[in-house]
Amino acid sequence: MASRTNKNLADILAEVDLDTLEEIPEAFDEVGERGEADLAFKVKALAGGEMRFGLLLEHKSSPSNGIMSQIGRYAINVMVDKGNAKYPWLPTKAIVVYNGTDPWDPLAQYRNIHSMYNGRVPHFEFAFVNLAELDDEICLAHDNAEAAIGAITMKYAFDMAKYESLLPEIEKKLRVLPCSESACLVGKIELYLREYISPEALEVLKMAFQSIGQRLGFVSAGDEYRALERKVRRMESASKAKDAKLAASEAKLADQANALAEKDALIAALQAKLAEKSK
């Protein structure tokens with residue numbers, strides 16, 4: 001979707017066969033912090049043969065001055081084909097996907113590196129995808145419903161009014177997916193947006209997704225969450241009722257104990273008077 005208007009990205013993707021993507025899970029251990037690299041793959045070149053590249057995806061929601069050193073670190077430590085004993089290092093194609101609201105052009109820094117070294121290419125290629133520049137119509141017309149919905153969700157994570165206005169189009173895309181996949185995708189969206197938007201806005205979306213889910217016949221994460229909340233409230237209510245009943249029983253027992261104590265005291269007083277009279 002982005003490569004239609006992003007030449008750098010188009011050039012990077014034109015050389016690889018995306019149907020051969022193979023995730024590099026070991027990437028998470030190489031850099032010392034689990035999950036530091038967002039997504040890392042090895043992928044075959046379209047030219048054929050055994051030529052492979054590393055494809056690295058990084059997501060940013062705010063500008064990062066250290067992005068070049070970060071990508072360079074990943075290119076060395078993460079993009080390794082451990083199955084190739086002769087040449088394990090994978091020439092890396094890095095794609096940074098950005099959905100922040102502040103202006104940012106990391107490619108300027110990348111071009112400066114080229115200039116500094118007389119036009120020689122660093123040890124990785126670099127493409128920058130600013131989702132603000134992604135065309136909504138092109139995106140929503142894409143055959144991959146999950147990618148289209150995901151991209152729109154990321155693009156408008158900081159603009160809930162616009163995102164809500166696109167919910168009817170998102171519902172159309174959800175309709176092409178099996179119910180289980182739709183429910184899973186909605187759950188991911190709710191989880192993702194929780195980090196960026198207010199609880200009030202998230203609640204509005206949950207209700208909207210609940211309505212969509214009812215029409216499409218699936219249970220969303222929001223539905224499950226609300227069902228769990230209702231179950232917890234019922235359990236809490238039952239627990240409070242039980243506690244109240246127990247407290248009432250304890251109060252009744254205490255009253256009975258007090259009454260018995262008063263009777264014992266009265267009997268003791270009468271016995272004392274009888275003892276005095278008998279003297």
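1. The average pLDDT of the protein chain is 82, and 89% of the residues score at least 70. pLDDT is the predictor's confidence in each residue, from 0 to 100. This is a predicted model: local features need pLDDT of at least 70, side-chain atom pairs count only at pLDDT 80 or more, and totals for chains, interfaces and linings use all residues. Residues are numbered from 1 along each chain as its sequence is written, and side-chain values use heavy atoms, with hydrogens and water left out.

2. Confidence is highest in α6, at 94, and lowest in helix α2 (residues 27–30), at a mean of 46. Across residues 28–35 the pLDDT is below 50; this stretch has 12 contacts in the model beyond near neighbours in sequence. Contact means heavy atoms within 4.5 Å.

3. The protein chain has 11 helices and five strands. These are DSSP runs, numbered from the N terminus: helices are H or I, at least four residues, and strands are E, at least two.

4. Of the 279 residues in the protein chain, 37% are buried (under 20% relative accessible area, 1.4 Å probe, protein chains only). Among contacts with a separation of 6 or more, 63% join residues 24 or more positions apart.

5. Look at helix α8 (residues 167–174). Leu167, Ile170, Glu171, Lys173 and Leu174 are buried there. Seen down the axis of α8, the buried residues fall within an arc of 160°, so they line one face of the helix. The arc is taken from the directions from the helix axis to the C-beta atoms.

6. What do the buried residues of α8 pack against? Their partners are α5 (136–140), α6 (145–155), α7 (160–165), α9 (179–193) and α10 (199–216).

Key
Buried < 20%, exposed > 50% of the residue type's maximum accessible area, 1.4 Å probe, protein only.
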